[in-house]
Amino acid sequence: MTICIDFDQTYSRNPAMWDALLHAAEIAQVEVICISRREDTTDNRQTIRAAFGDEFQILSALILCGPNTAKADAAKAAGFAVDIWIDDSPEVIPSPSPTRAALLKAEQAAARMDQALKGATP
Ligand SMILES: [Mg+2]
């Protein structure tokens with residue numbers, strides 16, 4: 001069995017409680033990974049590693065997939081078949097449908113346009 005736990009607003013919301021789960025999983029020989037949609041940067045890795053503290057070594061993997069990748073796709077690409085997801089934003093887990101992917105792309109284009117218009121305003 002593989003459990004995937006989110007970091008922001010999930011693990012970070014109550015580390016002591018999730019640490020208890022990590023220890024239980026370790027004893028039960030259940031694999032736990034952490035996938036975050038943060039960008040894969042050294043700073044983000046260090047922040048998350050520090051927040052987990054000693055329990056970081058229980059994790060089999062820390063995957064930072066960035067905001068444009070579905071967590072299910074990131075897990076699969078890294079070779080993990082996740083059985084249980086623990087996440088405050090479950091909508092970011094599945095691979096987006098073609099319609100959802102198009103909507104996300106349109107939202108990103110609108111945000112870029114909005115940003116450009118703000119920059120052009122005197
Ligand atoms: Mg989250």
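Colleague: In what order do the four strands of the open sheet stand, and is the pairing parallel or antiparallel?

Modeller: This is a predicted model, and in it the four strands of the open sheet follow the order β3-β2-β1-β4, with parallel pairing. Strands β3 (61–64) and β4 (84–86) each have a single partner strand, so they stand at the edges and one side of each is left without a neighbour in the sheet. From one strand to the next the twist averages 20°.

Colleague: How do you know that β1 and β2 pair?

Modeller: Pairing requires at least two bridges, and β1 (residues 2–5) is joined to β2 (residues 31–36) by four, with the two strands running parallel; therefore they count as paired. Among the bridge partners, T2 has E31 in β2, while I5 stands opposite C34.

Colleague: What makes β4 a partner of β1 as well?

Modeller: Three bridges link β1 and β4 in the parallel sense, and since the requirement is at least two, this pair also qualifies. Here the residue I5 has I86 as its bridge partner in β4.

Colleague: How do you know that the reach of α1 is close to what is expected of a helix?

Modeller: Helix α1 has 13 residues and spans 18 Å from its first C-alpha to its last. The expected span is 1.5 Å times one less than the number of residues, which gives 18 Å for α1, close to the span in the model. Just after α1, Q29 takes a positive phi of about 60°.

Colleague: Which strands does α2 touch, and what is its direction relative to β3?

Modeller: Helix α2 (residues 42–52) packs on the sheet and touches β2 and β3, and its direction makes about 140° with that of β3.

Colleague: Which residues touch the most other members of the largest nonpolar core, and what makes them part of it?

Modeller: That core has 14 residues, of which I5, Y11, C34 and I35 touch the most other members. Membership requires a buried residue of a nonpolar kind, such as Ile, Tyr or Cys, joined to others through C-beta atoms within 7 Å, so these four meet that requirement as members of the core. Two or more residues each come from β1, α1 (15–27), β2, α2 and α3 (71–77), and the largest share, three residues, comes from β2. Leaving aside residues up to four places away in sequence, I35 touches C4, D6, I63, C65, K71, A74 and A75.

Colleague: Why is R13 called exposed?

Modeller: R13, found in the loop between β1 and α1, has 12 other C-beta atoms within 10 Å. A residue counts as exposed at 12 or fewer, so R13 falls in that class. The C-alpha atoms of R13 and D88 are separated by 9.8 Å, although the two residues are 75 residues apart along the chain.

Colleague: How much of the chain counts as buried?

Modeller: Of its 122 residues, 16% count as buried.

Note on methods: Residues are numbered from 1 along each chain as its sequence is written. This is a predicted model: local features need pLDDT of at least 70, side-chain atom pairs count only at pLDDT 80 or more; totals for chains, interfaces and linings use all residues. Axes are lines fitted to C-alpha atoms, for helices over the stretch in contact, and angles run from 0 to 180 degrees between N-to-C directions. Two residues are in contact if their C-beta atoms, placed from the backbone, lie within 7 Å. A residue is buried if 20 or more other C-beta atoms lie within 10 Å of its own, exposed if 12 or fewer, and partly exposed in between; C-beta atoms are placed from the backbone.
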